[in-house]
Amino acid sequence: MEESVKIEAKDFNAYYGKKNALKNVNLKIYSNKITAIIGPSGCGKSTFLRSLNRMNDLIENFSVNGELLIDKENIYKKDVDVIYLRKKVGMVFQKPNPFPKSIFENIAYGLKIHKLYRDNDELHQKIENSLKEAALWDEVKEDLNKNAFDLSGGQQQRLCIARALVIQPEIILMDEPTASLDPISTAKIEELIRKLKKQYTIVIVTHNMQQAARVSDYSIFFMQGEMVEYDVTSKIFTTPSNKITEEYITGRFG
Amino acid sequence: MERKFDEELQELKKMIFEMLSLVNELMENAVTALIQKNEKLAEEVEKRDEEVDDYENKIDKFCLELLVKYQPAAIDLRFITSIMKINNDVERIGDLTTTIAHKAGIITRQHPAEIPAKINEISKEIQKMLKGVTASLMDVNPEKALTICVNDRSIDEMYVETFRQIMAFMMENKLNVKAGIELILSIKNLERIADHLTNIAEDIVYIAKGESIKHKKEI
Amino acid sequence: MKEEKIINKIRDVFFPVAGLLAVIISLGILFVLIIDVFKDGFMRLDFQFLTSYPSRKAEKAGILSAWVGTIWIMSITAFLIFPIGVAAGIYLEEYAKSGKLRDFLEINISNLAGVPSIIYGLLGLQVFVYFFRLDRSVLAGALTLSLVVLPIVIVATRESLKAVPLSLREASFALGATKLQTIIFQVLPSAFSGILSGVILAMSRAIGETAPLITIGALTYIAFLPTGPFTTEFPFITLQGLKDYFTVLPIQIFNWISRPQKAFHANAAAGILILLIISLFINFLAVYLRIKFEKHSGRK
């Protein structure tokens, strides 16, 4: 089966000041697949993830060269609308970060700033749909006005996923989405991620190797800013072809 | 960095080596009992099969423990899962050895005129294989393991030759038939031991390279 | 070993006791002061005191013009410092690029916070009273007081904005919100209780200020009230009151205290009580609003 390329990096470099955080990265990420990025802390995996929705723009002294294409468009080209890019490329963070507002308001925010609804009915409908998509609806439908902070950690993270989904992105970036959750919440989110694959292209950064092995179709191993190995996940975790990858995933590092 | 996990992997390796050397000893004794018509030695081999079974259980349990404790990946995962398979093969070799010892008892009581000298040759060849397997598992050396797979073919040839000799022996005299059948079964068992050793060698290649060479006709 | 144990034990006991003692001493002094003022002034606290203008006769004198003046000045000051201080804080924290301009502004603001208030009085006299010809009006007074307390509001605003977790901003940006949307809809509401505390803190500082107001020439003897903001004629609101002369409580108190007669000292004590009550009220308001907004914003 020919897979369609959603994201492509061509000789992509990223710098924090003078520090070269990503070195000549060349890779392709495919539509409707879950791609995991693994590697030791500081290997550039988060930098790469945050380059995909230009979240790194918020950091002073951050610069890039080379190309980073989404749907064949270089997202670092001068005339790119970052707002539109971020609408298309949603993100879920390491720690659940709902707004200190009601569940309803949390999800409505994205719809409001992008003016994605015509009337109140549509607003409610879209919020309900996204909560259902994020497998949270049944737990919160009774009280959408409850403060998001009163939810459990796992529920908060699913709320954040619902918040990202409601504006209908095409790509979802996940930065260690279960790092602060217990195993049961983690399992729920992993199940959700697998389900979301049908409609979205998912890129997930994780420190949890078993998680990468469980949820992803492809795995990318980064090390010191370079892409060391990229392969089908089952191959990476049973028979990696690179010695460094092997050392990393078997925990024999350094 | 010395890790607990590495220590335990070494321990696992040590256990499988002990099991291999035990099986090696039993096999040698079983064949000796057959050739020398030594009923006592044969009985002893039969009794010691339990030790092999104990090793099998111990190694199986330990492998499961390692899997659940460390959730290994890549080479560690291949090593442990392959050891589980190798464990199974070694245990089968133990069973086959016991059967040979049992047959040695029967054949001794049948008083056949002579035992074909080729049996001893096959036995020596198999012991060489077993040593080779042990050595290649020691440092997970796929090249060494591959030569063992080639070796298996010469044993197959020796088996066919010995089979003919025994057939001739049985045709000489009707009274030889019963002992002859037992002898054929014994060498068949030896031949199957060689097959199991080949399996083990293939597993060693898998541990090292991550690719299965089973079911590939040409190596 | 054993000695060390004993020494540690002594330390463990000594520091809490020393701390408690410090608390008792400072509270004790305050308490004695309040009792003293209360004893002197309580007799004079009555309706007549609140509704009379100052007079040469101590028993007839009241603080009507002073407390009305204080409330006038405070309202206008609040009205001025809130938008200016918050806007300046937002600019410095969210928009100003780190560089020479921001450094320059930052140094100046922290310096301004340390300038003695009488200097502001001189500045107010020069700029507002003479240059802008505002005379010794309520407006000139409020503008001068605003200058005194603006740095407090700016600093408090910046601190509150800084305290808003990065994750909240990221959440908003990641959804494709603009910077302005992020600030207005997420950052400000989250920082609001802190900003509010800063404003009220500034107000309670301003309410006690005497020196700058005396410097710009606030009168000590005023027998009329500034024109009220509401009228019976269209448009029912007038800013006439901004141009009127005024006095405030601390000035009135200062004036009475400096008189030789004992009876006026009683008046001063009563005035202090009123000032304390207003000041306490503002502080309670601050606490109340903070709790209310924190509940609202969900931060615990």
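Between chain B and chain A, six residue pairs are in polar contact, both partners being at pLDDT 80 or more. On chain B, the elements that each supply at least two residues to the side touching chain A are α1 (4–35) and α4 (74–110). The largest share of that side, five residues, comes from α4(B). The model is predicted, and all values here are computed from it.

**Chain B against chain A**

The contact joins eleven residues of chain B to ten residues of chain A. Together the two chains bury about 920 Å². Carbon and sulfur atoms carry 43% of that area. Two salt bridges are counted between chain B and chain A. B:D6 and A:R252 form a salt bridge through their side chains, at 3.0 Å from N to O.

**Chain A against chain C**

Here 24 residues of chain A meet 22 residues of chain C. A:P100, A:Y109 and A:I113 supply 27% of the area that chain A buries against chain C, more than any other three residues. The area buried between chain A and chain C is about 1,900 Å². Carbon and sulfur atoms give 58% of it.

The polar side of this interface can be listed briefly. Five residue pairs are in polar contact across it, both residues at pLDDT 80 or more. One salt bridge is counted between chain A and chain C. A:R50 pairs with C:E170 in a salt bridge, and their closest N and O atoms are 2.9 Å apart. On chain A, the elements giving two or more residues to the side that touches chain C are α2 (82–88), β6 (89–92), α3 (103–113) and α6 (153–165).

The table sets out the two interfaces.

| Interface | Buried area | Share on carbon and sulfur atoms |
|---|---|---|
| Chain A and chain C | about 1,900 Å² | 58% |
| Chain B and chain A | about 920 Å² | 43% |

**Chain C as a whole**

Chain C has eleven helices and zero strands. Its pattern along the sequence reads α-α-α-α-α-α-α-α-α-α-α. The C-alpha trace of chain C spans about 70 × 65 × 35 Å along its principal axes. Of its 300 residues, 43% count as buried. The accessible surface of chain C is about 17,100 Å², and carbon and sulfur atoms hold 72% of it. Among contacts in chain C with a separation of 6 or more, 74% are between residues 24 or more positions apart.

**A nonpolar patch on chain C**

A nonpolar surface patch of about 620 Å² is formed by C:V23, C:L27, C:L30, C:I34, C:F38, C:F42 and C:L276. Helix α1 (residues 2–41) of chain C gives the largest share, five residues. C:L30 lies in this helix α1 of chain C. C:L30 has 45% relative accessibility, so this residue counts as partly exposed.

C:R44 sits in the loop between α1 and α2 (47–51) of chain C. Is C:R44 buried or exposed? C:R44 counts as buried, because its relative accessibility is 13%, and buried means under 20%. Beyond its neighbours within four places in sequence, C:R44 is in contact with C:F49, C:A58, C:E59, C:A61, C:A266, C:N267 and C:A270. C:R44 and C:I29 are 15 residues apart in sequence, and their C-alpha atoms are 23 Å apart in space.

**A:T201, in a strand of chain A**

A:T201 lies in strand β8 (residues 201–205) of chain A. With a relative accessible area of 2%, A:T201 is buried. Which backbone atom does the side chain of A:T201 reach? The A:T201 side chain reaches the backbone nitrogen of A:N32, at 3.1 Å. Leaving out neighbours within four places in sequence, A:T201 is in contact with A:K6, A:I29, A:Y30, A:S31, A:N32, A:K33, A:E170, A:I171 and A:I172.

Note on methods
Residues numbered from 1 in each chain as written. Chains lettered and ligands numbered in written order. Heavy atoms only, no water. Patch = residues over 30% accessible without salt bridge, like charges linked within 9 Å, V, L, I, M, F, W, Y side chains within 5 Å. Areas by Shrake-Rupley, 256 points an atom, 1.4 Å probe, with all protein chains shown as cover. Salt bridge = Lys/Arg side-chain N within 4 Å of Asp/Glu carboxyl O. Helix = DSSP H or I, 4+ residues; strand = E, 2+ residues; numbered from the N terminus. Buried < 20%, exposed > 50% of the residue type's maximum accessible area, 1.4 Å probe, protein only. Contact = heavy atoms within 4.5 Å. Buried area = accessible area lost by both parts, 1.4 Å probe. Polar contact = N/O pair within 3.5 Å; in protein donor to acceptor, adjacent residues only side chain to side chain.
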